[in-house]
Amino acid sequence: MTSQPHTTPGAANSLDALAKRIRFDLDCLNLPSPNWVPERRTEKGETVNDVVVIGGGMCGLVASFALRTSGIRNMRIFDRNPEGSKARG
Ligand SMILES: Cc1cc2nc3c(=O)[nH]c(=O)nc-3n(C[C@H](O)[C@H](O)[C@H](O)COP(=O)(O)OP(=O)(O)OC[C@H]3O[C@@H](n4cnc5c(N)ncnc54)[C@H](O)[C@@H]3O)c2cc1C
């Protein structure tokens with residue numbers, strides 16, 4: 001079991017204390033999860049993406065983030081717009 005992180009009086013509002021608290025909370029939630037999908041390759045030895053997200057707008061980024069924090073890291077996002085440009089608006 002994970003124990004409560006120690007915070008000194010007066011330091012609770014410091015960025016350092018907040019960072020430790022967030023780290024503790026994420027550890028309790030097992031986030032980010034370790035990558036649990038075995039690596040797969042084609043017969044030619046090329047790596048295979050586990051997930052491909054089409055569209056790097058808000059929905060695509062949220063889906064990608066959800067997968068990443070769930071332990072699925074081997075993915076790519078494709079967007080028809082050039083890298084760095086806006087999705088919409
Ligand atoms: C002018 C404007 C202002 C807005 N202002 C706000 C605001 O202030 N606050 C707010 O909350 N919402 C705002 N919205 C709404 C918000 O932008 C949308 O709700 C949100 O972007 C929808 O997300 P999405 O992922 O569904 O679509 P999008 O953000 O449109 O993302 C879709 C992505 O998929 C890509 N794509 C589509 N088809 C393909 C394909 N065939 N191959 C590859 N890539 C593809 C597109 O290039 C795009 O990058 C605004 C919208 C507009 C138009």
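Modeller: This is a predicted model. The mean pLDDT of the protein is 87, and 83% of its residues reach 70 or more.

Colleague: Where is confidence lowest, and where is it highest?

Modeller: Confidence is lowest in H1, with a mean of 93, and highest in strand S1, residues 51-54, at 97.

Colleague: How many helices and strands are there?

Modeller: The protein has two helices and two strands. Starting from the N terminus, the elements follow the order α-β-α-β.

Colleague: What span does H1 reach?

Modeller: Helix H1 covers residues 15-28, which is 14 residues. From its first C-alpha to its last it reaches 20 Å, close to the 20 Å expected at 1.5 Å a residue.

Colleague: How many residues of H1 are buried?

Modeller: The count is zero among its 14 residues, and H1 is hardly covered. For the protein as a whole, 0% of the 89 residues count as buried.

Colleague: Which residue with a positive phi follows H1?

Modeller: That is Asn30, with a phi near 60 degrees.

Colleague: Turning to Asn35, where does that residue lie?

Modeller: Asn35 is in the loop between H1 and S1. Leaving aside residues up to four places away in sequence, Asn35 touches Gly71 and Arg73.

Colleague: How far apart are Asn35 and Arg73?

Modeller: They are 38 residues apart in sequence, while their C-alpha atoms are 6.2 Å apart in space.

Colleague: Why is Asn35 classed as partly exposed?

Modeller: Asn35 is partly exposed because 14 other C-beta atoms lie within 10 Å; a residue counts as buried at 20 or more and as exposed at 12 or fewer.

Colleague: Now the strands. In which sense do S1 and S2 pair?

Modeller: S1 and strand S2, residues 75-78, pair in the parallel sense over four bridges. As one example, Ile54 has Phe78 in S2 as its bridge partner.

Colleague: Which elements make the β-α-β unit?

Modeller: S1, helix H2 (residues 58-69) and S2 make that unit, and it is right-handed.

Colleague: What does UniProt place at residues 51-67?

Modeller: The unreviewed UniProt entry places the feature "transmembrane region" there. In the model, this span is 59% helix and 24% strand, and its end C-alpha atoms lie 9 Å apart.

Colleague: Lastly, what share of the contacts join residues at least 24 apart?

Modeller: Among contacts between residues at least 6 apart in sequence, the share is 53%.

Terms used. Residues numbered from 1 in each chain as written. Predicted model: local features only at pLDDT ≥ 70, side-chain atom pairs only at ≥ 80, totals over all residues. Expected span 1.5 Å × (residues − 1). Contact = placed C-beta atoms within 7 Å. UniProt positions renumbered as here; feature names shortened; annotations may be inferred. pLDDT = per-residue confidence, 0-100. Pairing = 2+ DSSP bridges. Right-handed = clockwise from strand over helix to strand, strands pointing away.
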